[in-house]
Amino acid sequence: MTHFLHRKLNSTLPVAVRGEGVYLYDKEGRRYLDASGGAAVACLGHSHPAVIEAVIRQIRTLPSAHTSFFTTEPSEELADYLVSRAPEGIKRFLSVSDGSVAVETALKLARQYWVEVGQPQRRYIISRKQSYHGNTLGALSVSGNERRRAPYAPLLSESVTHIDPSYAYRYQRADETPEQYGLRSANLLEEEILRLRPENVNAFIAETVVGATAGCLAAAPGYFRRVREICDKYGVLLILDEIMSGMGRTGTLFACEQEGIAPDIITVAKGLGGGYQPIGGVFANAKIINAIEAGSKTLANGHTYMGHAVACAAALAVQKVIEEEGLIQRVQTLGNALEAKLRERFAAHPHVGDIRGRGLFWALELVIDRETKMTFEPALKLNERVKEEAQARGLACYPSGGTADGVRGDHILFAPPYIIEEAQLDDIVEITSQSLDAALSSISASA
Ligand SMILES: Cc1ncc(COP(=O)(O)O)c(C=O)c1O
């Protein structure tokens with residue numbers, strides 16, 4: 001009997017004992033192709049020597065030193081490295097322990113900004129449905145993932161409201177161009193700001209490319225430019241959550257580079273440390289930092305593992321490898337190859353309604369019927385069946401549910417390591433195809 005509190009208490013999971021490149025191995029010697037890097041984490045695979053060496057070197061020298069007494073070389077170097085490559089206006093970087101804490105920190109920084117500039121009545125955060133920003137209570141409050149929110153509903157903040165996402169496959173009208181829809185979906189933000197009254201609104205938070213909740217969903221063209229305009233018009237802060245989509249995953253270091261805008265605050269995590277250490281991070285622009293510098297001069301929020309030396313050393317090594325090995329270029333090239341392969345195999349599949357993504361971040365949205373876009377009954381747990389079938393065939397991918405409206409809908413997400421080879425992309429497509437068909441057959445058999 002296990003004493004570990006597993007996600008599913010009665011599950012008998014394989015024991016992962018070793019990682020090598022894009023593969024994980026279990027205790028029985030079975031090999032799994034890691035097609036989603038866990039949850040879009042393992043951007044360099046599982047055994048990069050430069051990162052392992054950096055971690056060992058740092059642990060030998062100094063595991064950690066508390067940020068209220070000291071700074072450290074790795075935390076300073078990581079901040080220098082990242083800020084010099086960050087979108088326009090970004091002034092400082094803070095590392096924390098994971099994605100949820102990065103979002104908590106971002107929300108608190110935004111709130112502190114308004115307190116510092118003498119507008120403490122700005123309480124509302126506007127977020128979007130079908131989004132995920134983390135599982136701590138603040139991050140979950142801004143998340144639009146219905147299933148994950150439900151058990152904790154009474155504990156979630158009442159200072160958060162949710163608007164519809166920019167989700168062309170489901171919400172674009174037949175008489176609209178993608179650009180018209182981009183504008184209409186962005187204007188939902190303006191309506192919501194006016195409804196709450198601008199002087200009460202603190203920030204808008206969105207995933208630049210929505211990850212696990214909606215399945216690699218990029219906004220319609222022009223959406224984020226209009227969002228930036230609206231935020232500027234009403235003085236609302238713009239927080240972009242790039243915890244899944246950042247650090248090269250979509251083919252640029254920051255996903256927002258492809259939107260042609262710079263937010264006030266950015267959160268990152270997963271691909272920051274690539275799984276070699278738990279780490280998340282928050283970037284803040286000059287507007288926020290200058291306000292704090294002119295006011296209290298003190299970060300109101302703190303955590304023990306901010307600026308953790310080993311985590312920062314690991315992240316710095318990961319980021320240097322990404323740049324030195326030209327991996328962002330590789331994400332673009334292999335991303336194009338993955339898109340072509342997914343389209344070739346699934347474009348005519350009767351139960352694949354949409355194929356979407358950017359870089360090495362792609363998803364298949366599953367439907368009963370492509371014409372009506374009707375979703376499978378959630379009780380059938382199609383996404384879980386696909387996951388099980390894939391894992392039994394040696395493929396770890398990331399299927400999820402609630403895609404269409406937070407409750408209904410299924411998708412399969414791929415986020416392979418940037419070091420993957422093209423032949424391994426063929427394996428991903430082939431095994432996914434077999435697993436999807438097996439999952440669909442098991443549903444028909446049980447009907
Ligand atoms: C976009 C996004 N934000 C926040 C989080 C929370 O990160 P963590 O699981 O590291 O707390 C996640 C995790 O999946 C995420 O995808």
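This is a predicted model: local features need pLDDT of at least 70, side-chain atom pairs count only at pLDDT 80 or more; totals for chains, interfaces and linings use all residues.
Residues are numbered from 1 along each chain as its sequence is written, and side-chain values use heavy atoms, with hydrogens and water left out.

Helix H8 spans residues 178-196 and helix H9 residues 223-234; helices are DSSP runs (H or I, at least four residues) numbered from the N terminus. Their axes come within 8 Å and cross at roughly 20°, the axes being lines fitted to C-alpha atoms over the stretch in contact and the angles running from 0 to 180 degrees between N-to-C directions. H8 and H9 are therefore roughly parallel to each other (angles under 35 degrees; over 145 is roughly antiparallel, 65 to 115 roughly perpendicular and the rest oblique). Residues in contact (heavy atoms within 4.5 Å) include Leu-183, Leu-189 and Ile-193 of H8 and Val-227, Ile-230 and Tyr-234 of H9. By class, this contact has ten nonpolar, three polar and three charged residues, where Ala, Val, Leu, Ile, Met, Phe, Trp, Tyr, Cys and Pro count as nonpolar, Asp, Glu, Lys and Arg as charged, and the others, Gly among them, as polar.

Two further helix pairs were examined. The axes of H3 (residues 73-83) and H12 (residues 309-324) come within 8 Å and cross at roughly 35°, and this crossing is left-handed. Among the residues that meet are Leu-78 and Tyr-81 in H3 and Cys-312 and Leu-316 in H12; nine residues of the contact are nonpolar, two polar and three charged. H14 (residues 382-392) packs on H15 (residues 422-446) at an angle of about 130°, with the axes 8 Å apart. H14 and H15 are therefore oblique to each other, and their crossing is right-handed.

An automatic or database assignment divides the chain into domain 1 (16-48 + 326-446) and domain 2 (51-324). The C-alpha centres of the two domains lie 25 Å apart, and 43 residues of domain 1 are in contact with 42 residues of domain 2. The domains bury about 3400 Å² between them, 54% of it on carbon and sulfur atoms; buried area is the accessible area (1.4 Å probe) that two parts lose on being put together, summed over both. His-48, Arg-358 and Phe-361 supply 21% of the area that domain 1 buries against domain 2, more than any other three residues.

Key. Helices (H or I, at least four residues) and strands (E, at least two) are DSSP runs, numbered from the N terminus. A crossing is left-handed if the near helix is turned anticlockwise from the far one by less than a right angle, and right-handed if clockwise.
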